[in-house]
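Student: I would like to work through a structure by asking about its chains, their interfaces and their charged pairs. May we begin with the display?

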Amino acid sequence: MMRAFLALLARDLRLAVRLGGGGGMAVFFFLVVIALLPLGIGPDRELLARVAPGMLWVALLLAALLTLDRLFQADYEDGSLDLLSMGSLPLELVVVAKALGHWLTTGLPLVVVTPLLGVLLNLPGEAYAPLILAMLIGTPALSFLGAIGAALTVGVRRGGLLASLLVLPFYVPVLIFGTGAANAASGGFSGEAGQQSLILLAAVALSSLVLGPLGGAAALRANLR
Amino acid sequence: MADMNRISAAQRFHAYANPARFMALSARLLAPLWGLSLLVVGAGLWFALFDSPPDYQQGETVRIMYVHVPAAWLAMFGYSVMAVASAAGLVFRHPLSDLCAKSAAPIGAAFTFLALLTGSLWGKPMWGTWWEWDARMTSVLILFFLYLGYIALWATIEEPARAARAAAVLALVGAINIPIIRYSVVWWNTLHQPASVFRMDGPTIAPAMLLPLALMGIGLTLLFVALLLVRMRAEVMRRRVRNLRLAQAASAGEA
Amino acid sequence: MAEFFHMGGYAFFVWSSYAAAFLVVAALVWQSVADYRRQVRLAEELEKAAGGRVRRPSRAESGEKP
């Protein structure tokens with residue numbers, strides 16, 4: 001079972017690398033949104049520093065949403081999802097492999113470029129470490145919760161847009177606790193609030209690791225039959 | 001041809017064995033439900049508008065509460081109905097529970113919208129702003145988004161059985177998430193705002209105000225149930241129409 | 001009477017709340033009932049078109065008054 005799981009994960013990663021697109025597009029989107037922001041609200045460095053953590057998180061959420069339809073759609077269209085659902089691997093683990101692959105090819109690259117974009121937004125120096133840490137904890141939750149939305153809309157016309165609408169409310173806690181960690185570091189709140197939000201973020205992420213595969217597999221079963 | 005008929009007859013039997021009983025029962029229940037809800041809401045309106053004192057702090061705006069609080073209650077009640085019906089639909093595969101969940105969503109969404117609107121109309125004179133990012137309004141807004149997503153999912157997936165199962169999964173995931181979202185919003189709110197805004201949850205509600213509130217709450221809940229039944233009846237008929245069309249298309253294909 | 005409509009200076013907020021509530025509920029009732037009637041009519045038309053092959057719904061099932 002483990003071997004089947006790893007084989008599926010490796011296949012997804014290989015496909016992502018070979019075909020390119022997805023993850024790279026998300027990073028590019030992230031960059032463009034952040035570049036648009038100062039053009040919209042003005043180049044005031046102090047203002048930018050204050051909104052930077054929240055804006056980085058919001059842009060990251062949008063970039064991650066953009067790639068959700070990649071999660072199951074291609075496999076659904078070429079029929080391999082049907083094969084997977086009949087294979088030896090439980091559907092829950094298929095969702096885990098898919099979400100993990102999504103995180104490795106989309107969430108992780110987004111976190112990696114965040115420091116660079118932080119410079120563009122004049123993010124205060126002491127906020128970098130907590131922000132990156134929060135993103136490392138929070139982005140898996142985005143992939144796993146997103147898997148539910150992607151599974152619900154698999155095989156639906158313009159499913160990507162619908163998946164985003166379905167999933168966004170579930171991203172609210174990640175956004176709140178994620179920005180909480182960085183905001184606490186860059187002043188405003190006590191350090192304790194920052195620690196607390198990191199712990200709460202970790203709790204949300206862990207629960208999404210359970211909820212995502214269960215909900216995603218149930219949604220796939222509903223859609224595949 | 002004979003084979004075709006047997007299949008559609010079997011399908012019809014499966015889909016309508018129980019709904020037929022539901023149609024008979026709901027047809028008898030509806031008239032008294034409409035009448036009772038009208039009566040109770042009417043009495044509630046009388047007390048809310050004429051026979052209750054203005055609040056010493058909120059003045060006459062307290063009368064908005066007699067609409068706002070029941071609407072907020074029905075917003076949550078509607079989601080609970082939806083979630084419970086969805087769970088029942090997933091477990092027992094009973095077609096009526098799917099229809100119940102589907103029918104509850106637009107009603108719940110409408111009352112959620114109403115709660116937001118009246119909250120805003122109360123907030124302007126009391127807080128001095130149409131919209132305050134306080135924990136309640138924010139989480140009700142997110143609840144509204146959940147409703148819209150649920151309705152959108154039903155509308156997008158064409159095949160009813162598949163749509164029902166997918167929507168049920170969404171409703172249940174939402175039900176699990178609502179407490180988490182709610183908690184995070186409260187946490188966020190206490191972090192960002194000194195609790196300076198006037199809170200509605202005062203320790204005591206005068207009995208003179210409790211009466212219209214209770215009447216409006218009960219009356220509108222009865223109305224909710226009546227609406228739910230009507231919408232479920234419409235859904236049963238919609239499935240019937242769909243089956244008839246499918247049978248027609250099938251026999252036309254054979255001819 | 002004028003005092004009643006005045007609502008202690010909050011007339012706009014109080015009355016628009018009640019008006020909005022009335023409109024939303026009325027629209028909901030109207031839409032629900034209209035949709036139900038439409039589905040019943042469609043079902044009847046389709047059954048008529050299908051001739052005697054399809055079982056007619058009993059009175060109780062379609063909820064019609066005799």
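The questions below concern a predicted model, and they pass from chain folds to interfaces and then to individual residues.

Student: What pattern do the elements of chain B follow along the sequence?

Tutor: Because this is a predicted model, local features need pLDDT of at least 70. Chain B has 6 helices and 0 strands. Read along the sequence, the pattern of chain B is therefore α-α-α-α-α-α.

Student: What percentage of the residues in chain B are buried?

Tutor: A residue counts as buried when its relative accessible area is under 20%. Chain B has 255 residues, and the buried part of them is 51%.

Student: How much area do chain B and chain C bury between them?

Tutor: The size of an interface is often given as the accessible area lost when the parts come together. Here 46 residues of chain B are in contact with 37 residues of chain C. Carbon and sulfur atoms hold 72% of the area buried between chain B and chain C, which comes to about 3,600 Å².

Student: Which three residues supply more than any other three to the area that chain B buries against chain C?

Tutor: The three together give 15% of the area that chain B buries against chain C. They are B:Met237, B:Arg240 and B:Leu244.

Student: What is the N to O distance in the salt bridge between C:Glu47 and B:Arg240?

Tutor: The interface of chain B and chain C has 2 salt bridges. One of them pairs C:Glu47 with B:Arg240. The pair meets the 4 Å cut-off because its closest N and O atoms are separated by 2.8 Å.

Student: Which helix gives the largest share of the side of chain B that touches chain C?

Tutor: Between chain B and chain C, 6 residue pairs are in polar contact, both residues being at pLDDT 80 or more. Two or more residues each come from helix 1 (2-49), helix 2 (62-92), helix 3 (95-127) and helix 6 (207-254) of chain B. The largest share, 14 residues, belongs to helix 6 of chain B.

Student: Which helix gives the most to the side of chain B that touches chain A?

Tutor: Chain B and chain A bury about 2,500 Å² between them, and their interface has 0 salt bridges. There are 2 residue pairs in polar contact between chain B and chain A, counted with both residues at pLDDT 80 or more. Helix 4 (135-156) and helix 5 (160-192) of chain B each give two or more residues to this side. The most, 18 residues, comes from helix 5 of chain B.

Student: How many residues apart are the partners B:Lys102 and B:Glu235?

Tutor: Side chains of opposite charge can pair when their charged atoms come close. B:Lys102 and B:Glu235 form a salt bridge with their closest N and O atoms 3.1 Å apart. Since B:Lys102 lies in helix 3 and B:Glu235 in helix 6 of chain B, the bridge ties together parts whose separation in sequence is 133 residues.

Student: Is A:Lys98 buried or exposed?

Tutor: A:Lys98 forms a salt bridge with A:Asp12 at 3.0 Å between the closest N and O atoms. The partners are 86 residues apart, with A:Lys98 in helix 6 and A:Asp12 in helix 1 (residues 2-19) of chain A. A second salt bridge joins A:Lys98 to A:Asp75 at 2.2 Å, N to O. Because its relative accessibility is 4%, A:Lys98 counts as buried.

Student: Which residues are joined into one network by salt bridges that share partners?

Tutor: The structure holds 9 salt bridges over all chains. A:Lys98 takes part in salt bridges with A:Asp12 and with A:Asp75. A:Asp12 is buried at 14% relative accessible area, and A:Asp75 is buried at 6%. The network joined through shared partners consists of A:Arg11, A:Asp12, A:Asp75 and A:Lys98.

Student: What is the phi of B:Arg93?

Tutor: B:Arg93 is found in the loop between helix 2 and helix 3 of chain B. This residue is partly exposed, with a relative accessible area of 44%. Although B:Arg93 is not a glycine, its phi is positive, at about 55°.

Note on methods. Residues numbered from 1 in each chain as written. Chains lettered and ligands numbered in written order. Heavy atoms only, no water. Contact = heavy atoms within 4.5 Å. Buried area = accessible area lost by both parts, 1.4 Å probe. Salt bridge = Lys/Arg side-chain N within 4 Å of Asp/Glu carboxyl O. Polar contact = N/O pair within 3.5 Å; in protein donor to acceptor, adjacent residues only side chain to side chain. Helix = DSSP H or I, 4+ residues; strand = E, 2+ residues; numbered from the N terminus. Buried < 20%, exposed > 50% of the residue type's maximum accessible area, 1.4 Å probe, protein only.
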